[in-house]
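Dear colleague,

Please read them alongside the sequence.

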Amino acid sequence: GFLLFFTSIEGGAENQHYFYDVLTQGWFPWSFDDPNHDPYVLHSFDGDDPADRTVLFGCPDGHVRHLDYTGASDDGTGIKSHVLIGPVSGPEGIPVVMTGLTALLSGTSSNVTYTIHPGDSAEEASAAPSIGGGTFTAGRNTWDRRRTSGASIYIKLSNVTDGQTWAIERLTASLRPTGRTFEKAH
C-alpha cells in the first residue's frame with residue numbers, strides 16, 4: 001500500500017492522512033496524535049542495503065522522523081489504533097440478532113478493547129455510541145453472550161496504551177436473522 005499525507009501549513013490543525021491498502025483496495029484514515037509529527041517534507045533515503053531504505057519526514061518541530069512498523073509508541077506517545085469491523089446485517093435489510101462474540105488474538109498480543117455499535121442503517125451504526133463491550137486478551141477468549149440487535153452492527157477493536165501492540169487472528173460472532181414481524185416493530 002501507500003500513504004497519502006495532507007498536512008496544513010497553518011499549523012495547529014489536526015491533519016487527516018490516508019493509507020491505501022492494495023490488497024483490500026480500501027482507504028484507511030491515518031493521523032498522528034501530535035501535530036508536530038505530521039510531515040512537512042518527505043525524502044526517500046535509498047541506502048545500499050534494503051534494510052537501510054526508508055522514507056524520512058521533515059516535521060514542523062524541526063525533527064526528522066521515519067515510520068517504524070514494529071514500533072510500540074510514537075516518540076513516547078501511545079499509538080491509538082482501532083478497526084471498525086462490519087457492517088453485519090441480514091438479507092435485504094432485515095435486522096439481525098447477535099447472540100455472542102469472541103476473538104482469537106495472537107499469543108503475544110496486548111489486550112484489545114471491543115465495543116458494539118448497532119443501528120437502523122450501516123451509516124447510523126458506524127456513528128452510534130457503544131452499547132457495551134469488554135476486553136479480549138492474548139489467545140482464545142470466552143464468548144460474550146450479550147444480545148444485540150439492529151439492521152446493521154459494527155464491532156470496534158482498539159488499543160491506546162503506550163508501548164503495547166496487538167494482533168487479531170479471528171473474530172467470531174453468533175448471528176441469526178430476525179423475522180419480518182421484528183423488522184416492523186424495530
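**Strand S10 and its partners**

Leu 105 stands opposite Gly 139 in strand S13, and S13 (residues 139-140) is joined to strand S10 by two bridges, the two strands running antiparallel. Before going further, please keep in mind that this is a predicted model, in which local features need pLDDT of at least 70 and side-chain atom pairs count only at pLDDT 80 or more, while totals for chains, interfaces and linings use all residues. Residues are numbered from 1 along each chain as its sequence is written, and side-chain values use heavy atoms, with hydrogens and water left out.

Strands here are DSSP runs (E, at least two residues), numbered from the N terminus, and two of them count as paired if DSSP finds at least two bridges between them. S10 also pairs with strand S16 (residues 168-177) in the antiparallel sense, over nine bridges, and within that pairing Val 97 stands opposite Arg 176. Strand S14 (residues 148-150) is joined to S10 by three bridges, again antiparallel, with Val 96 opposite Gly 150. Because 10 of the 10 residues of S10 (residues 96-105) are buried, this strand is largely enclosed by the rest of the structure; buried means under 20% relative accessible area, with a 1.4 Å probe and protein chains only.

**The three-stranded sheet**

An open sheet of three strands has the order S1-S2-S3, with antiparallel pairing. Strands S1 (2-4) and S3 (26-30) stand at its edges with a single partner strand each, so one side of each is left without a neighbour in the sheet. S2 (residues 17-21) pairs with S3 over five bridges, and Asp 21 stands opposite Gly 26 in S3.

**The largest pocket**

The largest pocket holds about 1,800 Å³ of space, a volume being the space filled by probe spheres set on grid points that are joined across faces, edges and corners. A pocket is an open set of points on a 1 Å grid over the protein atoms alone, where a 1.4 Å probe fits, with protein on both sides within 12 Å along at least five of seven lines, and its lining residues have an atom within 4 Å of a point. Of the 43 lining residues, Trp 30, Ile 79, Lys 80, Ser 81 and His 82 lie nearest the centre. Among the elements that give two or more residues to this lining are S2, S3 and strand S15 (152-159), while S9 gives the most, with four residues.

Best wishes

Methods:
Buried means under 20% relative accessible area, exposed over 50%, partly exposed in between (1.4 Å probe, protein chains only).
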